[in-house]
Amino acid sequence: MTEDEFKPIVRAILGQFGFQCRDLEPRHGLLTPDFEVHGKKDKYTIELKIKDDDAAEIAKEAEALAGGGVVGKSTPIGPRNRLAGIIGSGVEQLLAHDPKGESFRVLWLHSAGQDPELHDDRLYATLFGTEKLFSLKHPRIMTCFYYHASAFYSWREHLDGALLTYLVSDGLRIKLCINTLSPKIDQFRQCELVQIMSQATPN
């Protein structure tokens with residue numbers, strides 16, 4: 001799925017939440033974010049990024065299978081440098097449009113491909129720098145946040161939150177992630193986007 005194919009879905013979801021969504025056009029040859037979004041009292045700048053499968057890797061696997069071969073795959077779920085680069089590129093586009101932080105800056109990260117839930121898990125881990133830890137004192141597995149280098153820490157001055165989505169058979173899974181290290185954390189937690197999404201889902 002391409003960004004152009006997914007953009008109408010973004011507009012529809014934001015519209016159902018009651019937001020006005022305006023497409024942003026590139027200026028002076030510079031990459032800019034995709035949307036400027038207005039609520040009743042808050043403004044947001046949103047950049048959409050799509051995480052899909054590696055086309056070359058998929059073609060190589062298909063060729064091996066077509067020749068009667070066996071394909072093995074092991075994909076780690078933890079934070080990934082390549083995904084951090086995608087996030088960093090998105091933040092730079094947000095900054096190009098709103099360098100002074102006059103809006104809430106938000107990334108919309110959509111996962112596609114053969115296993116979109118896996119991409120979603122990896123994006124989440126990259127945003128928060130998560131790691132699974134086992135406690136010997138109280139035997140249980142815990143998720144530790146900001147354990148590894150995290151995109152939210154790296155871009156704490158410029159990124160207020162992220163929306164993670166992927167398609168499933170019965171619709172769209174949406175997860176709102178709040179950057180708890182943002183200097184605007186208190187304002188963002190009270191903004192319309194967070195309040196609406198924490199209470200309801202679109203029809």
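The following dialogue explains how to read several features of one predicted model.

Colleague: Which strands form the open sheet, and in what order?

Modeller: Strands of a sheet pair through backbone hydrogen bonds, either parallel or antiparallel. Helices (H or I, at least four residues) and strands (E, at least two) are DSSP runs, numbered from the N terminus. Two strands pair if DSSP finds at least two bridges between them. Here six strands make an open sheet of mixed pairing, in the order E1-E2-E3-E4-E7-E8. Strand E1 (20–23) and strand E8 (171–178) are its edges, each pairing on one side only. On average, neighbouring strands of this sheet are turned by 25° against each other, direction ignored; axes are lines fitted to C-alpha atoms, for helices over the stretch in contact, and angles in general run from 0 to 180 degrees between N-to-C directions.

Colleague: How many bridges join E3 to E4, and how many pair E7 with E8?

Modeller: E3 and E4 run parallel and are joined by eight bridges. Ile 50 stands opposite His 110 in E4. E7 and E8 also have eight bridges, in the antiparallel sense, and form a hairpin with two residues between them. Tyr 166 has Arg 173 in E8 as its bridge partner.

Colleague: Which strands does helix H7 lie across?

Modeller: H7 lies across E3, E4, strand E7 (161–168) and E8, and runs at about 130° to E8.

Colleague: Which residues touch the most other members of the largest nonpolar core?

Modeller: A nonpolar core is a set of buried Ala, Val, Leu, Ile, Met, Phe, Trp, Tyr and Cys residues joined through side-chain atoms within 4.5 Å. Buried means under 20% relative accessible area, exposed over 50%, and partly exposed in between (1.4 Å probe, protein chains only). The largest core has 24 residues, of which Tyr 44, Ile 46 and Trp 108 touch the most other members. Elements that give two or more residues to this core include helix H1 (3–16), strand E3 (43–51) and strand E4 (104–111). A second, separate core of 15 residues includes Val 91, Leu 109, Phe 128 and Leu 159.

Colleague: With which residues is Ile 46 in contact, beyond its neighbours in sequence?

Modeller: Contact means heavy atoms within 4.5 Å. Leaving aside neighbours within four places in sequence, Ile 46 is in contact with residues including Leu 14, Phe 35, Val 106 and Trp 108.

Colleague: How many aromatic pairs does a search of the whole structure find?

Modeller: Rings of Phe, Tyr and Trp (its six-membered ring) pair if their centres lie within 6.5 Å; planes under 30 degrees apart count as stacked, over 60 as edge-to-face and the rest as tilted. The search finds nine aromatic pairs. In one of them, the rings of Tyr 124 and Phe 128 have centres 4.9 Å apart and planes at 50°, so the pair is tilted. Both residues, Tyr 124 and Phe 128, lie in helix H4 (residues 116–128), four residues apart, about one turn of the helix. Tyr 124 is partly exposed at 23% relative accessibility, whereas Phe 128 is buried at 7%.

Colleague: Why is the pair of Phe 128 and Phe 152 edge-to-face?

Modeller: The ring centres of Phe 128 and Phe 152 are 5.0 Å apart and their planes stand at 85°, so the pair is edge-to-face. Because Phe 128 lies in helix H4 and Phe 152 in helix H5 (residues 151–154), the pair ties together parts that are 24 residues apart in sequence. Tyr 124, Phe 128, Phe 145, Tyr 146 and Phe 152 form one aromatic cluster.

Colleague: Which residue lies over the face of Tyr 124?

Modeller: A charge sits over a ring if NZ of Lys or CZ of Arg is within 6 Å of the ring centre and within 35 degrees of the ring normal. Lys 175 lies over the face of Tyr 124, at 4.7 Å from the ring centre.

Colleague: What is the phi of Tyr 146?

Modeller: Most residues other than glycine have a negative phi. Tyr 146 has a phi near 60°, a positive value in a residue other than glycine. Tyr 146 is found in the loop between E6 and H5.

Methods: Residues are numbered from 1 along each chain as its sequence is written. This is a predicted model: local features need pLDDT of at least 70, side-chain atom pairs count only at pLDDT 80 or more; totals for chains, interfaces and linings use all residues. Side-chain values use heavy atoms; hydrogens and water are left out.
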